[in-house]
Amino acid sequence: MILYGQTLINKGKIQTMENVIECRHLTHYYGDRCIYEDLNFAIPKGRIVGLLGKNGTGKTTTINILNGYLQPKSGECRMFGQNAGQLSPSVKQKVALLLEGHVQYSFMNIAQIEKFYASFYPLWDKAPFWELMNKLKIAPKQRISRMSCGQRSQVALGIILAQNADLLILDDFSMGLDPGYRRLFVDYLSEYAHAEDKTVFVTSHIIQDMERLIDDCMILDYGKLLLQQPVDRFLNSFKRYQMTSLLAPNWKKMPVVHPEKIRNKMEFYSDAGKQTIVQNLKEQGFETNDLQEESLTLEEAFIGLTGKY
Ligand SMILES: Nc1ncnc2c1ncn2[C@@H]1O[C@H](COP(=O)(O)OP(=O)(O)OP(=O)(O)O)[C@@H](O)[C@H]1O
């Protein structure tokens, strides 16, 4: 089910994609504990890609490997064609990183922090920072140390955008933000990234935000990557099925996941299509005329694919 982002059909035209990130045969262990083995994925230029996974599946680990903070046990990660652990200063400038982000130097106010960070980034563009800050309705002279947790996160996101990097890596960007600001930021980031041809690699457990923001989803399970696909393709094929006839086929012979009896119904998930499922049941000697197919939100599809617990 994994799809590498080499080609994309956009308004009828096939585009060849240039990959900003490429990870091949990535394997990581902490001590003798395997986090994943042989992970392969690519992030094409100009796409907003969301990494989804339950707690502890290795999302932050992957981001730490990409940023050279962690050395994988084996395999290779390349960013802009260079080994992630040994990026040249010119490639480092192309990457903006938010790590469970809060702003340091919280004794400064917003205006001071903007000037301070500007001095480190040659491509600094203060416009997105101030556009976001103006929505906060906080005086430019207010100290960061006197802001709430969510307000500090907003400042951190403004600093990330102002770096004007080609690749933005945002680990858990929704930290402490209220629903209104999350919506504002998601819409702003989506608009900004597509207009400026930025590539975004993002994690968050708030999948409603991800559904609104991302073009492609990567779903990480314990030990392996389950899929990488455009979200619309995933949601067009991966469906929930229910039937009131409590049939007991050999589920292992069927292209379904997580079959479960819920009260007087059978429920399962599949990307095979209704006809194929009916055919599969028939081949096992079961007829059903009450099979219902249901379209899913990204959150429902994520839970359907990875299981509830
Ligand atoms: N430095 C470390 N040493 C040992 N184990 C670690 C270390 N860092 C993370 N782990 C373990 O590796 C696993 C993956 O952690 P990681 O932080 O990458 O997960 P995650 O997918 O980002 O989780 P979450 O969604 O909860 O933030 C977890 O079980 C965690 O306990």
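Let's start just after helix H6. There, Asp197 takes a positive phi of about 55°. Asp197 is not a glycine, yet its phi is positive. Keep in mind that this is a predicted model, so I am describing computed geometry.

Where does Asp197 sit? It is found in the loop between H6 and E10. Is Asp197 buried or exposed? It is exposed, because there are 9 other C-beta atoms within 10 Å, and 12 or fewer counts as exposed.

Now step back into the helix itself. H6 covers residues 179-196, which makes 18 residues. From its first C-alpha to its last, H6 reaches 25 Å. That is close to the 26 Å expected at 1.5 Å a residue.

Which residues of H6 are buried? They are Arg182, Phe185, Val186, Leu189 and Ala193. These residues cover an arc of only 100° around the axis, so they lie on the same side of H6. Look at the face turned away from that buried side. It carries the exposed residues Gly180, Asp187, Glu191 and Ala195.

What do the buried residues of H6 pack against? Two of the partners are strands: E5, residues 48-53, and E10, residues 199-203. The others are helices: H5, residues 149-162, and H7, residues 207-213.

Asp38 is found in strand E4. How exposed is Asp38? It counts as partly exposed, because it has 13 C-beta neighbours inside 10 Å.

E4 spans residues 33-44, and strand E3 spans residues 19-30. How do E3 and E4 run? They run antiparallel, and 8 bridges join them. Take one residue as an example. Glu22 has Ala42 as its bridge partner in E4.

E3 and E4 form a hairpin, with 2 residues between them. Find Gly31 in the turn. Gly31 has a positive phi of about 65°.

E3 has another neighbour to look at. Strand E6, residues 74-79, is joined to E3 by 5 bridges. E3 and E6 run antiparallel. Here, Cys23 stands opposite Cys77 in E6.

Sort the shell by class.

Last, the whole chain. How many helices and strands does it have? The chain has 10 helices and 16 strands. Along its principal axes, the C-alpha trace spans about 70 × 45 × 40 Å. The chain has 309 residues, and 34% of them count as buried.

One more number, on contacts. Take those between residues at least 6 apart in sequence. Of these, 68% join residues at least 24 apart.

To recap, come back to H6. Its buried residues include Phe185 and Leu189, and Asp197 follows just after the helix with its positive phi. Then find Asp38 in strand E4, and trace the hairpin that E4 forms with E3.

Definitions and conventions. Residues are numbered from 1 along each chain as its sequence is written. This is a predicted model: local features need pLDDT of at least 70, side-chain atom pairs count only at pLDDT 80 or more; totals for chains, interfaces and linings use all residues. Helices (H or I, at least four residues) and strands (E, at least two) are DSSP runs, numbered from the N terminus. The expected span of a helix is 1.5 Å times one less than its number of residues. A residue is buried if 20 or more other C-beta atoms lie within 10 Å of its own, exposed if 12 or fewer, and partly exposed in between; C-beta atoms are placed from the backbone. The arc is that of the directions from the helix axis to the C-beta atoms. Two residues are in contact if their C-beta atoms, placed from the backbone, lie within 7 Å. Two strands pair if DSSP finds at least two bridges between them.
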